[in-house]
Amino acid sequence: MKFFEVEQDTSRRYTGNLGNAAHRWGLPGVQPCAHCGAGGGVMGLQYPCVDVSRLPEEEQRRLSEAWPVPFSEFSRLREQVRPLAPPGARLEPGTRLGPLTGTGSGTFGALFLQNPWSLFLRREALESLRAEGVRGLVACPVEVRFRVKPTPELLEPELELHGRFHPDCLPPDMGTPCPVCGDEKLTRPDSILIERQTLPGHVDLFRLAQGWTLIVVSERLVDAARRLGLDGVGFRELQVR
């Protein structure tokens with residue numbers, strides 16, 4: 001089985017833009033760690049189907065503010081969210097939650113990549129891929145207002161985390177995660193090589209667990225998308241060992 005990175009379509013055919021929209025909630029960033037100095041928040045961890053509206057209003061307010069908080073407060077909020085998140089979800093500082101809200105503009109293909117870590121599908125594309133046997137397609141509608149008519153019905157998939165970089169593409173002196181905040185100080189390698197034994201066999205669309213800004217699809221999904229003529233994104237084969 002081959003695996004591919006989802007890439008933005010560089011053609012000028014579509015003008016879709018969701019740059020004025022954001023997820024309704026999210027875990028805040030953290031203040032610098034007293035042990036290693038790491039702080040702030042991550043990009044690329046997004047769980048659009050997580051609904052925190054059942055939490056008290058004050059907790060919802062705290063989950064609507066991205067301003068860095070002490071690690072103890074972040075940990076408390078994370079435990080409030082954990083029962084509402086999918087099993088195995090990674091909840092790091094800056095993780096985004098809930099539907100995308102705001103405004104959008106332009107025209108969209110069957111699939112759309114706002115940035116390397118934010119993938120969206122038209123409803124008809126999602127249903128067609130499911131009918132073709134593509135596995136692991138869980139998605140929720142965006143709550144974005146569009147000026148164009150007819151309004152596109154876009155959904156954002158909620159992606160599991162699978163797969164790790166092969167040790168051969170990582171620096172030999174990576175060190176160990178911080179014992180206090182868990183920061184791994186890992187940057188994306190210039191030349192990506194994925195460890196085959198860490199890749200899933202039950203889903204065809206996922207985020208890389210060790211580099212979650214990378215959205216990965218299986219050969220099964222790529223073949224189905226090409227058969228169906230689904231456009232809007234490109235696929236670049238990844239090196240796997």
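**Exercise 1. How much space lies in the largest pocket, and what lines it?**

Solution. The model is predicted.
- Step 1: take the volume. The largest pocket holds about 580 Å³ of space.
- Step 2: find the lining. It comprises 29 residues. V42, D183, E184, L186 and W212 lie nearest the centre of the largest pocket.
- Step 3: sort the lining by class. It has 14 nonpolar, eight polar and seven charged residues.
- Step 4: Strand 13 gives the most, with four residues.

**Exercise 2. Find the buried residues of helix 2 and say where on the helix they lie.**

Solution. 
- Step 1: list them. Helix 2 spans residues 71-81. Its buried residues are F74, S75, L77, R78 and V81.
- Step 2: look down the axis of helix 2. The buried residues fall within an arc of 165°, so they line one face of the helix.
- Step 3: find their partners. The buried residues of helix 2 pack against helix 1 (57-62) and strand 4 (96-105).

**Exercise 3. Describe the second largest pocket by volume, lining and class.**

Solution. 
- Step 1: take the volume. About 220 Å³ of space lies in the second largest pocket.
- Step 2: name the lining. Y47, P86, P87, G88, A89 and G136 belong to it, among others. V138, E158, L159, E160, L161 and H162 also line this pocket.
- Step 3: sort by class. Seven lining residues are nonpolar, three are polar and two are charged.

Key. Residues numbered from 1 in each chain as written. Predicted model: local features only at pLDDT ≥ 70, side-chain atom pairs only at ≥ 80, totals over all residues. Heavy atoms only, no water. Buried < 20%, exposed > 50% of the residue type's maximum accessible area, 1.4 Å probe, protein only. Helix = DSSP H or I, 4+ residues; strand = E, 2+ residues; numbered from the N terminus. Arc of directions from axis to C-beta. Contact = heavy atoms within 4.5 Å. 1 Å grid on protein atoms, 1.4 Å probe; cavity = no way out; pocket = protein on both sides within 12 Å on 5 of 7 lines; lining within 4 Å. Points joined across faces, edges and corners; volume = space filled by probe spheres on them. Nonpolar A, V, L, I, M, F, W, Y, C, P; charged D, E, K, R; others polar.
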